[in-house]
Amino acid sequence: MRSLPILITLLLLALAPRALAAQPAVGYAQAADYLEKDQHPGRYTPLNVLDGRDRTVWCAPEGEGARPLMTIGFKGVATVDEVRIYTGNGSTRQAFKAYARAKRLTLEGKASARGFTVEDKRGLQMVPLSPPVSGGWVTLEVVETYPGAEPQAPVCITDIVFYSEGRALNGTRIASLLKYNAPTAPLLGT
């Protein structure tokens with residue numbers, strides 16, 4: 001009779017790593033268009049917002065009618081209850097002021113959407129989402145911006161870290177996996 005609790009404990013310990021591995025993580029980020037997509041496709045790619053580094057950024061395309069919009073997909077269904085966002089081009093102080101910065105954003109999942117406003121400052125800003133946004137993917141759109149040095153300066157975002165139940169779904173731990181790959185870029189999210 002004593003062996004039954006020990007057997008159950010051993011079984012739970014054996015299954016725990018699988019349960020942790022099954023938790024969602026960020027799988028991809030894509031945008032229909034972005035700054036210098038044809039000339040330098042890896043420079044401002046949407047993947048840059050997921051790597052947790054302030055030297056890499058995503059910038060929306062320049063010009064009238066350009067939509068600062070991207071889709072971020074997860075490996076499985078994720079419940080995002082917090083976002084930490086570094087708005088603007090955080091690579092240098094000069095770049096931060098030169099490019100436009102996100103002010104008001106929306107994060108939309110399969111069944112819900114949340115809007116939020118961030119300050120015009122460098123560094124990660126924590127944004128709790130209550131109720132959370134859930135889905136296999138989310139769409140992030142910049143609705144309003146702080147202006148850059150030039151009136152038509154493109155809007156940039158340095159980083160976005162998604163959190164679910166206190167656990168980061170992306171960041172520096174996956175940075176080495178997030179390299180631009182020309183052959184696979186058109187297939188992301190399909």
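A: Here is a close look at one strand and its partners. Keep in mind that this is a predicted model, where local features need pLDDT of at least 70, side-chain atom pairs count only at pLDDT 80 or more, and totals for chains, interfaces and linings use all residues. Residues are numbered from 1 along each chain as its sequence is written, and side-chain values use heavy atoms, with hydrogens and water left out.

Our strand is E7, residues 155–164. Strands (E, at least two residues) are DSSP runs, numbered from the N terminus. In E7, 10 of the 10 residues are buried, so the strand is largely enclosed by the rest of the structure. Buried means under 20% relative accessible area, using a 1.4 Å probe and protein chains only.

Now for the partners; two strands pair if DSSP finds at least two bridges between them. Strand E3 (residues 69–87) runs antiparallel to E7, with 6 bridges, and Thr-87 sits opposite Ile-157 of E7. Ile-157 also has Trp-58 opposite it; E2 (residues 58–59) pairs with E7 in the antiparallel sense over 2 bridges.

Strand E4 (residues 100–108) pairs with E7 in the parallel sense, over 2 bridges. There, Ala-100 stands opposite Val-155 of E7.

Finally, E7 joins E8 (residues 167–168) through 2 bridges, running antiparallel, with Ser-164 facing Arg-167 of E8 as its opposite residue. E7 and E8 make a hairpin with 2 residues between them, and Glu-165 in the turn has a positive phi of about 55°.

Conventions:
Buried means under 20% relative accessible area, exposed over 50%, partly exposed in between (1.4 Å probe, protein chains only). Helices (H or I, at least four residues) and strands (E, at least two) are DSSP runs, numbered from the N terminus.
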